[in-house]
Amino acid sequence: MTQLTCSIQKSLMRFLNIALILLIGCAASFAQSKRPNIVFIFSDDHCQQALSAYDPSRMTTPHMDRLAKEGMRFDRCYVTNGICGPSRAVIQTGKHSHLNGFAVNGIIFNGDQQTFPKLLQKAGYQTAVVGKWHLASTPQGYDYFDVLIGQGPYYNPPMKTMNANGEVVVREHTGYTTEIITEKTLNWLKNDRDENEPFMLMYQHKAPHRNWEPAPKYLTWLDDVTIPEPDTLFDDYATRASPASNQAMEIKTHMNDRDLKLTQPRNFTPEQLAQWNAAYGPKNEAYLNAKDIMSEKEIIQWKYQRYVKDYLRCVKSVDDGIGEVLDYLDEAGLAENTIVIYASDQGWYLGEHGWFDKRWMYEESLKTPLLARWPGVIEAGSVNNDIVSNLDFAQTFLDIAGQNIPGDMQGESLLPILKGNTPRDWRKSFYYHYYEFPGGHSVARHYGVTNGKHKLIYYYQNDEWELFDIEKDPSELNNLHANPEYAGVIKSLSKDLNRLRKQYQVPEEDPDFQKLKEESRERRRRGEI
Ligand code: SGN
Ligand code: CA
């Protein structure tokens, strides 16, 4: 070989090497840029009864419905522990309350433990959370956070974020919280994120949590309509175990004047207050003038209308915000490669059983809305009836991002279901456990199991049981636990219950919550939180 051919060969090799490196680089960066984004839209206390894709009888939610129309509606998404902080801790960790340590509100989430945003961040995802957080400790695993403090108010919220020097600061805001959370979310999407990296964004509303304060523009919306009453508004709790009649969440008895808008809100600007009084003043006067001649039943009916309308008004603003975010994803060309999920921390009683609030393993609060849109992956307009759960979200997010799922997470990835292929061995029964007693609304501690057809509930501090045939009795009015015809059903559900408690490593004894709450209060006093 001459020197010339040798040097040509060398140059050619060098050229091929460079071309190869460039090709690999391009392919890698293409794969990177194709990693899907995740927008997780979350609200607080929003039930299926107030989302028209599930139930159009009270209001329309066109933007949430758009997610159902263009994606999948899950009809059986159950939460493991139907209350705010605990539900969020389950989502962060993919573990039941007894393992993530946050079983009741009022304690401090241990943010040092493994959470899905930390794992996504490590995998190169940008992570952000905006809005209600309610886990007390400063969010970890997020490149950006801007969160309400505790429950946060409906108007003029202080919010906790990180300044340019990396210090945690609290900033004051004027305006309607739902709208502020949407603005901040859009601002992060438009201006703050790195467009070259995939992202996971948690867009989390306070609404429609108690005490249901609507936005200025919706203060009189629905004034001229009557919202249908649920069949069980006047439930007498006959046949149920004693906790059902010993709670403190009845529209009749436990709603206060603040809930009913019979007193003025406290933290409003003079302009906000003027709008408020112009809307509620005349409505309240009409009620107060008529109240003395109204029957007890009529007063309950009035309270129901007042409460439900305010709740629906709050949902309306959440829906508007979702519309803005979906429009932005379209405009920015992000919609195709972004999975958008909508869920709430649990369901809610819109007057069913005469109640407001949540906590019970009964259907209305056990179920949460769950909608998911992902063009090209999820079939538009599909409806799924498998038993899925907020326990599955962490694993689903990791799976969507192509990450390994840690073995100690306790849910299942929903990715196959989103693709329309439910695994054959998918869960057939579900474990629920509520702990917060004594606590707000006095709901007894209970655990139980359901397979979607029947439900077995054990109030373990009271040693009382309930069994419902959900298919025959969807309102769960008829406790069949003592009915001999159901002995076989009880036997089989008890077997499931024991198996699930073992599988999830549920301890026999509950932690000492009073002690944990006292320790949390002490840490707050010391200024750690
Ligand atoms: C507050 C509410 C309760 C509600 C809890 C828990 N009272 O204490 O009605 O059950 O939050 O809600 S209020 O008068 O302050 O609104 S959760 O969604 O955060 O779990
Ligand atoms: Ca809640």
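Analyst: Arg 524 is partly exposed, because its relative accessible area is 36% (buried is under 20%, exposed over 50%, partly exposed in between, with a 1.4 Å probe and protein chains only). As this is a predicted model, local features need pLDDT of at least 70 and side-chain atom pairs pLDDT 80 or more, while totals for chains, interfaces and linings use all residues. Residues are numbered from 1 along each chain as written, chains are lettered from A and ligands numbered from 1 in the order written, and side-chain values use heavy atoms without hydrogens or water.

Arg 524 belongs to helix α14 (helices, H or I, of at least four residues and strands, E, of at least two are DSSP runs numbered from the N terminus). The helix covers residues 513-525. Beyond the residues up to four places away in sequence, Arg 524 touches Gly 106, Ile 107, Ile 108, Ala 136 and Ile 529 (contact: heavy atoms within 4.5 Å). Ala 136 and Arg 524 are 388 residues apart in sequence, yet their C-alpha atoms are 9.4 Å apart in space.

Helix α14 also carries charged pairs. Glu 518 forms a salt bridge with Arg 521 at 3.3 Å, N to O (a side-chain nitrogen of Lys or Arg within 4 Å of a carboxyl oxygen of Asp or Glu). These two residues are three apart within helix α14, or about one turn of the helix. The side chain of Glu 518 also meets that of Arg 525 in a salt bridge, here at 3.0 Å, N to O. Glu 518 is partly exposed because its relative accessible area is 35%, and Arg 521 is partly exposed as well, at 42%. Arg 525, with 56% relative accessibility, counts as exposed. The structure as a whole holds 36 salt bridges.

Helix α9 spans residues 296-331. Within it, Asp 310 and Arg 313 are three residues apart, about one turn of the helix, and their side chains meet in a salt bridge of 2.7 Å, N to O. Asp 310 is at 0% relative accessibility and therefore counts as buried; Arg 313 is at 1% and therefore counts as buried too.

Helix α9 also has a charged surface. Glu 179, Glu 183, Glu 324, Asp 327 and Glu 331 gather in a surface patch of negative charge (residues with over 30% relative accessible area and no salt bridge, like charges joined within 9 Å, nonpolar side chains within 5 Å). Two or more residues of this patch come from each of helices α6 (177-192) and α9. The largest contribution is that of helix α9, which gives three residues. Glu 331 lies in helix α9 and counts as exposed, because its relative accessibility is 65%.

Ala 394 sits in helix α11, residues 393-400, and counts as buried because its relative accessibility is 0%. Leaving out residues up to four places away in sequence, Ala 394 touches Ile 91, Gln 92, Thr 93, Gly 94, Phe 116 and Met 409. Pro 230, in the loop between β8 (199-204) and α7 (251-254), counts as buried because its relative accessibility is 11%. Apart from its neighbours within four places in sequence, Pro 230 contacts Tyr 304, Leu 350, Gly 351 and Glu 352.

Most residues other than glycine have a negative phi, and most peptide bonds are trans. In the loop between β8 and α7 lies Tyr 237, which has a positive phi of about 65° although it is not a glycine. Tyr 237 is buried, because its relative accessible area is 10%. Asn 211 is also placed in the loop between β8 and α7, and a cis peptide bond with omega of about 10° joins Arg 210 to Asn 211.

The loop between β13 (430-434) and β14 (446-450) holds Pro 438, and a cis peptide bond with omega of about 0° joins Phe 437 to Pro 438. His 441 lies in the loop between β13 and β14, with a positive phi near 70°. His 441 is buried, because its relative accessible area is 13%.

Methods: Accessible areas come from the Shrake-Rupley method with a 1.4 Å probe; for residues, only the protein chains shown count as cover. Lys and Arg count as positive and Asp and Glu as negative; His and the chain ends are not counted. The place of a charge is taken as NZ of Lys, CZ of Arg, CG of Asp or CD of Glu.
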